[in-house]
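Reader: I would like to go through this model term by term and hear, for each label, which value and which cut-off stand behind the label.

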Amino acid sequence: MNPIVLIPARLAATRLPGKPLADIGGLPMIVRVLRQAEAAGVGPVAVAAGDPEIVAAVDAAGGRAVLTDPALPSGSDRILAALAELDPEGRHDVVINLQGDMPFVEPGVVGACARLLETQPACDIATVVAPEASSGDRSNPDVVKAVLSMNPGGQGGRALYFTRSTLYGDAPVWRHIGIYGYRIAALKAFHAAAPSPLEQREKLEQLRALELGLSIWAAVADDAPISVDTPADLAAARAFADRTNS
């Protein structure tokens with residue numbers, strides 16, 4: 001297996017414009033994500049940037065970034081555009097799509113996503129889940145839940161469904177974390193397909209993959225990483241950086 005890690009990022013976020021360049025403990029957020037991805041040791045890492053300012057910030061930190069068309073509508077579009085420039089010969093057979101708004105994601109979580117594709121031949125797309133943070137997660141539509149058929153040992157399993165709806169019963173509820181590992185053929189099939197009925201109903205792209213018949217497997221992380229989507233999230237991330245001096 002020959003993976004590459006790509007981090008899509010653009011300045012025009014709806015709820016927090018400019019967030020890739022937001023300062024967190026003295027570093028732009030996108031640089032923090034880049035450093036965590038590099039520490040995972042999965043493969044080469046690059047930022048698929050929608051704006052030249054992001055490229056400049058990554059270059060200044062000694063990282064690699066590719067400028068993609070700012071009009072591209074989704075992260076998967078940006079990933080494929082960057083991949084075409086970085087790997088025109090198709091040497092990489094796996095791409096890890098790491099969201100640019102998780103500044104403290106554990107390197108081991110990125111590695112766990114990649115290992116699923118290495119150890120599960122039936123896995124087309126790998127992702128990550130974490131235990132619910134509170135009982136309120138079960139009924140919160142902003143918390144995406146993964147329904148898994150767990151492997152023996154409980155460290156991961158095959159995804160049967162993803163939902164925003166309330167889940168009942170005594171079994172664990174798994175929060176979905178937005179990290180994806182794609183076999184290249186699966187990424188291209190996903191990207192070529194139109195949005196599916198379940199995807200449109202739940203507003204969850206991963207359901208398109210399931211409706212296409214692609215197999216998604218999930219590794220279990222100890223905790224969900226801090227994700228920055230709002231000004232309050234950014235304040236929490238800055239406070240975390242101050243507490244940990246990281």
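Reader: In which helix does Ala 81 lie?

Author: Ala 81 lies in helix H3, where helices (H or I, at least four residues) and strands (E, at least two) are DSSP runs numbered from the N terminus. This is a predicted model, in which local features need pLDDT of at least 70 and side-chain atom pairs count only at pLDDT 80 or more, while totals for chains, interfaces and linings use all residues. Residues are numbered from 1 along each chain as its sequence is written, and side-chain values use heavy atoms, with hydrogens and water left out.

Reader: Why is Ala 81 called partly exposed?

Author: Its relative accessible area is 31%, and buried means under 20%, exposed over 50% and partly exposed in between (1.4 Å probe, protein chains only), so Ala 81 counts as partly exposed. Setting aside residues up to four places away in sequence, Ala 81 touches Thr 68 and Leu 72, a contact being heavy atoms within 4.5 Å.

Reader: What makes H3 oblique to H5?

Author: The axes of H3 and helix H5 (residues 184–192) come within 11 Å and cross at roughly 130 degrees; such axes are lines fitted to C-alpha atoms, for helices over the stretch in contact, with angles running from 0 to 180 degrees between N-to-C directions. Angles under 35 degrees count as roughly parallel, over 145 as roughly antiparallel, 65 to 115 as roughly perpendicular and the rest as oblique, and H3 is therefore oblique to H5.

Reader: Why are H1 and H4 called oblique to each other?

Author: The axes of helix H1 (residues 29–40) and helix H4 (residues 107–119) come within 8 Å and cross at roughly 55 degrees, and H1 and H4 are therefore oblique to each other. In this pair, Gln 36, Ala 39 and Ala 40 of H1 meet Pro 107, Val 110 and Gly 111 of H4, and the residues of the contact divide into four nonpolar, two polar and no charged.

Reader: How do you know that Asn 97 is buried, and what does its side chain contact?

Author: Asn 97, placed in strand E6 (residues 94–98), has a relative accessible area of 5% and is therefore buried. Its side chain makes a polar contact of 3.4 Å with the side chain of Gln 99; a polar contact is a pair of N or O atoms within 3.5 Å, where within protein one must be able to donate a hydrogen and the other to accept it, and residues adjacent in sequence count only if both atoms are side-chain atoms. Beyond four places in sequence, Asn 97 touches residues including Leu 6, Ile 79 and Tyr 180.

Reader: Is Arg 138 buried or exposed, and which side chain does Arg 138 join in a polar contact?

Author: Arg 138, in the loop between strand E7 (125–131) and strand E8 (145–150), has a relative accessible area of 17% and so counts as buried. A polar contact of 2.9 Å joins the side chains of Arg 138 and Glu 132, and a polar atom of the Arg 138 side chain lies 3.2 Å from the backbone oxygen of Ala 171.

Reader: Why does His 92 count as buried?

Author: His 92, in the loop between helix H3 (75–86) and E6, is at 12% relative accessibility and therefore counts as buried. A polar atom of the His 92 side chain lies 3.0 Å from the backbone oxygen of Asn 2.

Reader: What makes Lys 203 exposed, and what is its phi?

Author: Lys 203 has a relative accessible area of 62% and is therefore exposed, in the loop between helix H6 (197–202) and helix H7 (206–211). Lys 203 has a positive phi of about 60 degrees although it is not a glycine. Most residues other than glycine have a negative phi.

Methods: Nonpolar A, V, L, I, M, F, W, Y, C, P; charged D, E, K, R; others polar.
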